[in-house]
Amino acid sequence: MHAAGPRADIRPLLARLWADYTAQNPQAAQIRRLLEERGEAVVDDHIALRTFADPRVGIDVLARPFVDAGYARGDDYTFADKGLRARHYDPPTDDLPRLFVSELLLGPGTPCSAGSLATLRGLLDAIDAGRLDAAPLAALGRPWPALAWDTYERLRGESEYAAWLAAFGFRANHFTVAVHALRTLAGVAEVNALVEAAGIPLLRAGGVIKGGPADRLEQSSTLAAPTVVDFADGPRTIPGCYYEFARRYPGPDGRLFGGFVPRSADRIFESTDRR
Ligand code: NI
């Protein structure tokens, strides 16, 4: 028998990501409060992180504290039309959220022009290596200087994902409510109704509800909250983070499906698109 050493505790990092996420996206805290006021103990289904496919900051680096805490590598996914790849990790215990990490390709398959790739490499080169060693990358925030607005706009024209990541840096892109763990709401449609009644808009691209029982995963999400970001030439309001709702169904083995549905995830990436 392999005697495992003590595992790192991921909860402090999750708490830090949640605090930072809700400070910037108060809608998520508002929705969670609405659920708690109904007597729900909200369980996180998964959290999603974004990065660039670069050895300094790629999926493996971003996921390291989770792997150290006992998370196991799950499936890989590709989103060719957005130039992204992703991987999910399964938590060591059912009370912890799954992890979904995506990265923007900077080599073959990238949606970015040579000029934009030079911009993005410049951002990565501006990260102080000491900061990368000192704190988990997932909670680092934006470790490069503020972008010029026209740089953001140029990136956005090629990749909404690149523009979002360049503007916000490393943080939770979204947390996700485990709808299957709710007791007072039967499904995603009921959660959607609660959210819309509170005046919070949902992502409608691709239909409000993505997936279904046949996929064993049904999801919806808010539209990313308008967020003020300091650009080099002044503050602007752009889409920030969003909150997601996921209901998992059991498979033939009776266990809840633990993966992700690429077709649905592909549309949910668009929650942070500017409209
Ligand atoms: Ni998600």
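These questions and answers examine a predicted model of one chain.

Q: What makes the radius of gyration of the chain agree with a compact globule?
A: A compact globule of 275 residues would have a radius of gyration near 19 Å. The chain has 18 Å, so the two agree. The C-alpha trace spans about 55 × 50 × 30 Å along its principal axes.

Q: Why is Ile47 called buried?
A: The cut-off for buried is under 20% relative accessible area. Ile47 has 1%, so it counts as buried. Ile47 lies in strand E1.

Q: What is Ile47 in contact with, leaving aside its neighbours within four places in sequence?
A: Ile47 is in contact with Leu14, Leu17, Phe66, Pro97, Arg98, Leu99, Phe100, His174 and Phe175. Contact here requires heavy atoms within 4.5 Å.

Q: How do you know that Ile47 and Thr176 are apart in sequence, and what is their distance in space?
A: They are 129 residues apart in sequence. From C-alpha to C-alpha, Ile47 and Thr176 are 6.1 Å apart in space.

Q: What share of contacts in the chain joins residues at least 24 apart?
A: Take contacts between residues at least 6 apart in sequence. Of these, 68% join residues at least 24 apart.

Q: Which residues of helix H3 are buried?
A: Helix H3 covers residues 59-68. Its buried residues are Ile59, Val61, Leu62, Ala63 and Phe66. Residues three or four places apart in an α-helix point the same way, because there are 3.6 residues a turn.

Q: What do the buried residues of H3 pack against?
A: They pack against helix H1 (11-24) and strands E1 (44-52), E3 (84-90) and E4 (98-104). Just after H3, Gly70 takes a positive phi of about 100°.

Q: Which residues touch the most other members of the largest nonpolar core?
A: Phe66 and Tyr243 do, in a core of 78 residues. Helix H7 (residues 160-168) gives the most to this core, with eight residues. Membership requires a buried residue of a listed type, such as Phe or Tyr, joined through side-chain atoms within 4.5 Å. In soluble globular proteins, nonpolar side chains tend to be buried together.

Q: How many of the residues in the chain are buried, as a percentage?
A: Buried residues make up 53% of the 275. The chain exposes about 11,900 Å², and carbon and sulfur atoms supply 52% of that area.

Q: How far apart are the mean positions of the positive and negative charges?
A: They are 1 Å apart. The chain has 32 positive and 35 negative charges.

Note on methods
Residues are numbered from 1 along each chain as its sequence is written. This is a predicted model: local features need pLDDT of at least 70, side-chain atom pairs count only at pLDDT 80 or more; totals for chains, interfaces and linings use all residues. Side-chain values use heavy atoms; hydrogens and water are left out. The radius of gyration is taken over C-alpha atoms; the globule rule is 2.2 Å times the number of residues to the power 0.38. Buried means under 20% relative accessible area, exposed over 50%, partly exposed in between (1.4 Å probe, protein chains only). Accessible areas come from the Shrake-Rupley method with a 1.4 Å probe; for residues, only the protein chains shown count as cover. Lys and Arg count as positive and Asp and Glu as negative; His and the chain ends are not counted. The place of a charge is taken as NZ of Lys, CZ of Arg, CG of Asp or CD of Glu. Helices (H or I, at least four residues) and strands (E, at least two) are DSSP runs, numbered from the N terminus.
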